[in-house]
Amino acid sequence: MKYNQLDNFNKDFLWGSASAAYQVEGASEVDGKGKSVWDVYTKIPGTTFKGTTGDIAVDHYNRYKEDVALMKEMGLKAYRFSISWPRIFPNGKGEINKRGLKFYSDLVDELLKNDIEPVVTLYHWDLPQALMDEYGGWESRNIIEDFNNYCVTLFKEFKGRVKYWVTLNEQNIFIKFGYEFAMHPPAVKDLKRMYEANHIASLANAKAIVSFRDIITDGLIGPSFAYSPAYYNTPNPEDVLAAENAEDLNSSWWLDIYCKGMYPRLAFKYLEKEGLAPTIKEGDMDLLKLGKPDFMGLNYYQTANYEENSLEDGVGSGTFNTSGKKGTTKDSGIPGVYKTVKNKYLETTDWDWTIDPEGLRVALRRITSRYNLPILITENGLGAFDTFENGEIHDEYRIEYLKAHIKACREAITDGVELLGYCTWSFTDLLSWLNGYQKRYGFVYVDRDETDSGSLNRYKKDSFYWYKEVIKNNGSNIK
């Protein structure tokens, strides 16, 4: 649909930005924090770009007041951050680490003092290593109760101070990369274990939402999902079916469970035939239905393009670009189901991610049509090589990227999407899990690189001032 005039963003729209504990905090062994799986995994040679770790990250733990002051200067309305589970429970359960809890309490208070809405993510991948050692983390149903206890602790601590909560961040990513691609902890390739662990994580998500509603009556909660809408490469019905297969297996498998409490029928039947379907126990589906979220968190970066993949000699696993060398990603697929193919209409980043603002509008519309829930964009941003010269960073490419995506948001609102807010990824530069510090996302440049050198000083990029104007005008200058 094309419009002569676009609807405005609501006056209370949450113009925000985001981060994750492991990627920004550092202080990995400070004030009683326990080890996370990432503290251990990144010490294994070859797991990350140039061996980078989050031991120091960008030192947000010690510099949070400085960072919040920059947020205040920008006029940020919301800051989404995650709480490190092992900083609260060093062993994943048992005794609470009060010093860790105090850090987040102080951060929340600092945000509120500066009129910034805290958006708390309960889990952004830093599983306590103690629980991985004890029972295999997400592969054991024991984690449902341990995760719930951790969440309840935070619900009670921040009741009345935090309104917006995100349960699991990108479950589809930490599960698939952990158990299918072997690029995240526990770094195995076992699809049966993947679907079993994923089902348990979904149960933990639902139980946490149920507990939330018993404790907090004036807040909103939901998971955030990394959604890449599936396109079909040509009108050939075989390509259309391949894209439908990809949408079911790569997106609806999670979104339907979150929002409907049920698995998509076709995908479940396919996985049953392949011997991969998860074990469903009595009471599981009842719990999943009770865990319907108040909103859907959307992490959007790109779309994916699909075509038919032959059953006999079809394409299987591909390769991922973690170096920033454009063109090094190789197509992947499942024989007889689908394969990815380059979208000739779209440009890509140096990491081969498609740049597709209209894809964000597609994602917002699909979620609205299928689930009829409000949406909070919990991540959207551009990872790029930034050039730092004489204290200045001219990142007009980031401004153009964000401008186009915010326009897509405005178009989606005009379409009828209920959009609560828009959180960019990220506020400051940070550690990009597998990609080191070279892949920069922030409005604020941090003097930091893969050699652990740099002052950690903060410098405002051109995009900082641009987003400040967007917030000041409530997005009305995006047309």
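# Exercises on cavities, a pocket and helix packing

A21, Y22, E25, G26, S28, K33, S36, D39, G54, S84, R87 and D126 line the second largest cavity. This is a predicted model, in which local features need pLDDT of at least 70, side-chain atom pairs count only at pLDDT 80 or more, and totals for chains, interfaces and linings use all residues. Residues are numbered from 1 along each chain as its sequence is written, and side-chain values use heavy atoms, without hydrogens and water.

## Exercise 1

Describe the second largest cavity by volume and by the classes of its lining residues.

*Solution.* Step 1. A cavity is a set of points on a 1 Å grid over the protein atoms alone where a 1.4 Å probe fits but cannot get out; lining residues have an atom within 4 Å of a point. Step 2. The volume, the space filled by probe spheres on points joined across faces, edges and corners, is about 70 Å³ for the second largest cavity. Step 3. Ala, Val, Leu, Ile, Met, Phe, Trp, Tyr, Cys and Pro count as nonpolar, Asp, Glu, Lys and Arg as charged, and the others, Gly among them, as polar. On this basis the lining comprises two nonpolar, five polar and five charged residues. Step 4.

## Exercise 2

State how many cavities of 30 Å³ or more the structure holds, and characterise the lining of the largest cavity.

*Solution.* Step 1. Seven cavities of 30 Å³ or more are present, and the largest has a volume of about 110 Å³. Step 2. Step 3. Helices are DSSP runs (H or I, at least four residues) and strands likewise (E, at least two), numbered from the N terminus; helix 2 (37–41) and helix 8 (171–179) each contribute at least two residues to this lining. Step 4. In terms of class, 11 lining residues are nonpolar and one is polar, with no charged residues. Step 5. P186 belongs to the loop between helix 8 and helix 9 (191–215).

## Exercise 3

Identify the elements that line the second largest pocket and the one that gives the largest share.

*Solution.* Step 1. A pocket is an open set of grid points with protein on both sides within 12 Å along at least five of seven lines. The second largest pocket has a volume of about 460 Å³. Step 2. Of its 20 lining residues, A243, E244, N245, E247 and D248 lie nearest the centre. Step 3. Two or more lining residues come from each of strand 6 (230–232), helix 10 (237–260), helix 11 (265–273) and helix 13 (357–371). Step 4. Helix 10 gives the largest share, nine residues. Step 5. The lining divides into 12 nonpolar, three polar and five charged residues.

## Exercise 4

Determine how helix 5 is oriented relative to helix 7, and how helix 3 is oriented relative to helix 15.

*Solution.* Step 1. Axes are lines fitted to C-alpha atoms over the stretch in contact, and angles run from 0 to 180 degrees between N-to-C directions. Step 2. The axes of helix 5 (residues 98–113) and helix 7 (residues 142–158) come within 11 Å and cross at roughly 40°. Helix 5 is therefore oblique to helix 7; angles under 35 degrees count as roughly parallel, over 145 as roughly antiparallel, 65 to 115 as roughly perpendicular and the rest as oblique. Step 3. In contact (heavy atoms within 4.5 Å) are L101, Y104, S105 and V108 of helix 5 with L154, E157 and F158 of helix 7. This contact has five nonpolar, one polar and one charged residues. Step 4. Helix 3 (residues 60–74) packs on helix 15 (residues 462–472) at about 55°, with axes 9 Å apart. Helix 3 is therefore oblique to helix 15. Step 5. L70, E73 and M74 of helix 3 meet F464, Y467, K468 and I471 of helix 15. Five of these residues are nonpolar, none is polar and two are charged.
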